[in-house]
Amino acid sequence: MKKKQGFLILIILAVLLFTYWGTRNKVDPEWVGMEEKLDASYLTLADAKDSTALLFESVHGKKANEKDILNRIGRPFIPSVEFSKFRYYTEEVVEHKLAVFSSVIGSGTSTFIDRLAKFVATDEAHLLRVFGAVNFDMEYHRKYIGEEVNGEWKQGLLLDFFDRCLANPEEKYVLVFNDIHKVEPETFFGPELWYKLYDRGVNTQIGGKTIAIPPNFHMISVAHVIPSAKVLLTEDHYRRIGNLYRIEPDETELIFYLRGELEDKEKPLSQLPQAKPFVYAFNRANRIISEKFNKSYTVGQWSTMRRLYDNRNLNEMLDYFVSHVNSFAPRNEMTRDDLKPVEYAVKNEGKLSGSNFISTQFRNLEEKGFLTEFIVGLSFVVVSALSSYFIFKRREKIISEQILMVNMLFKEFESKTKDYDTISLEIDHIKDSVDQLALKKKISYQEATFFYQYFYDKTRKIEIAKEARNHFEDLIYVSLDDGILSDKEHQKLLDFLNRIKTRIGESDYRHFKTEIDRIQKEYSKN
């Protein structure tokens, strides 16, 4: 019994330990690494004066003074971006000529591209800007490509721009096409120029004039990724208007903003309580939006959301994300429940809800379509285990009751509150009861065998004492047959008592000895 109880205790402890381990959620690695990001050293565009000067020299082949560079990238302000980002995209535009920057609203892309174009162009006069607007496709075509006026061809601004490029081959010219997603590019350029962009070698004439795309012509387009965009740019577009560069919501620029707002000379940003939860929530919420809704619904770091950095404004910040997504009228509306994982992580030191082992296994089973079968199987196992446990407890109770009855009889035997015959009769009743329990399968054969062995061990002493008393009484009867106890007969009684001394208890021995002394005194010749 003790072994079974010990085993049961071990099982319970193992289950408790597994439950404790299996229900512990993991900490998001992004949360763990956030402090390092907050306090990292970044080379911003504002701090990279020497590097920016060297970049300018590599682009234009000449040196520029600090004032000239500041006029290009610092009016009205220098964007809060890393210098490495600015350098990478500058080199891409210079090398490939045509580029399309795709980003969500609030990512700061328009500002970034404005400074990039100013930096690449030889000077301000070498820039041509187009600001896209819906339903003005043909007007744009007439303005920038050209139209027939009174029977004569009037060349548009873009073709004039081409002429200027060709007239000054050593200088760089940049067309900035903002919000190109609002205008159909093929309509804007017209079929001839549109095909020319696809195949530079084809001979193209517009208005009777051969058109060439100058080698020193650069075009930077900005396409904000929004669900309601008039034009969904495809590979066919990118083949003509430039390589696609996706500008994702940038946590680094959000950190730059926080440093400007929360600058504390005595404490790094990571030690300010509002910084870490804010940047983490920004990243995590955008990731959830990308996975559950659409990447184009994400929130840029320079949206008005950036002002909600106070950690008391977490609810307000999350409400902003919900409102932002729903403003695009998605098929399924977003609710705060969608952002519960963000709220849970921020309030629980970065722990990911549902990331524990047990939840993960259930999720895997559900994804593979095995969850229903597993639940049915688990239910069967649990019911079987509970049934087995209750059966075990019931059998344990039966065993305990029988053992208790035997122990009570044994105590009554030792205290001589019952005679041998009565105790023997009750033991027989207990044995009959055990037989019936085994026949009715309320206890197993092994358990019944255990009972019989236990009875044998406990009742053997009673049986021996009973047999000894019977022999003793028979011997007294024979010894007193003539009404006299001789010395020889007295000695014979003492010898018999000494022989059975090891098989009877101390109390029985004293009882028999007292009885012999009484008989000897009463029936002796002397």
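Asp-250 caps the N-terminal end of helix α12, with one of its side-chain oxygens 2.8 Å from the backbone nitrogen of Thr-252, a polar contact in the sense of a pair of N or O atoms within 3.5 Å, where within protein one must be able to donate a hydrogen and the other to accept it, and where residues adjacent in sequence count only if both atoms are side-chain atoms. The model is predicted, so local features need pLDDT of at least 70 and side-chain atom pairs count only at pLDDT 80 or more, whereas totals for chains, interfaces and linings use all residues. Residues are numbered from 1 along each chain as its sequence is written, and side-chain values use heavy atoms, with hydrogens and water left out.

**Helix α12**

- Helices here are DSSP runs (H or I, at least four residues), numbered from the N terminus.
- The end C-alpha atoms of α12 (residues 251-262) are 16 Å apart, which agrees with the 16 Å that its 12 residues should span at 1.5 Å a residue, the expected span being 1.5 Å times one less than the number of residues.
- Nine of the 12 residues of α12 are buried, which leaves the helix mostly covered; buried means under 20% relative accessible area, exposed over 50%, and partly exposed in between, with a 1.4 Å probe and protein chains only.
- Among the buried residues of α12 are Glu-251, Phe-256, Tyr-257, Leu-258 and Leu-262, and what covers the buried residues includes α2 (29-32), α3 (34-39), α6 (83-96) and α13 (275-292).

**Nonpolar cores**

- The largest nonpolar core has 40 residues, and those with the most contacts inside it are Leu-258, Phe-321 and Leu-339; such a core is a set of buried Ala, Val, Leu, Ile, Met, Phe, Trp, Tyr and Cys residues joined through side-chain atoms within 4.5 Å.
- The elements that give two or more residues to this core are α3, α12, α13, α14 (314-326) and α15, and the largest share, nine residues, comes from α13.
- Apart from this core lies another, of 32 residues, including Ile-145, Cys-165, Leu-175 and Trp-194.

**Individual residues**

- Leu-258 touches Glu-263, Leu-269, Ala-275, Phe-278, Val-279 and Tyr-309, not counting residues up to four places away in sequence, where contact means heavy atoms within 4.5 Å.
- Thr-90, placed in helix α6, counts as buried because its relative accessibility is 0%, and Thr-90 touches Leu-55, Val-59, Leu-116, Phe-119 and Val-120, not counting residues up to four places away in sequence.
- Lys-340 lies in helix α15 (residues 340-347) and counts as partly exposed because its relative accessibility is 49%.
- Lys-340 and Ala-285 are 55 residues apart in sequence and 9.6 Å apart in space, C-alpha to C-alpha.
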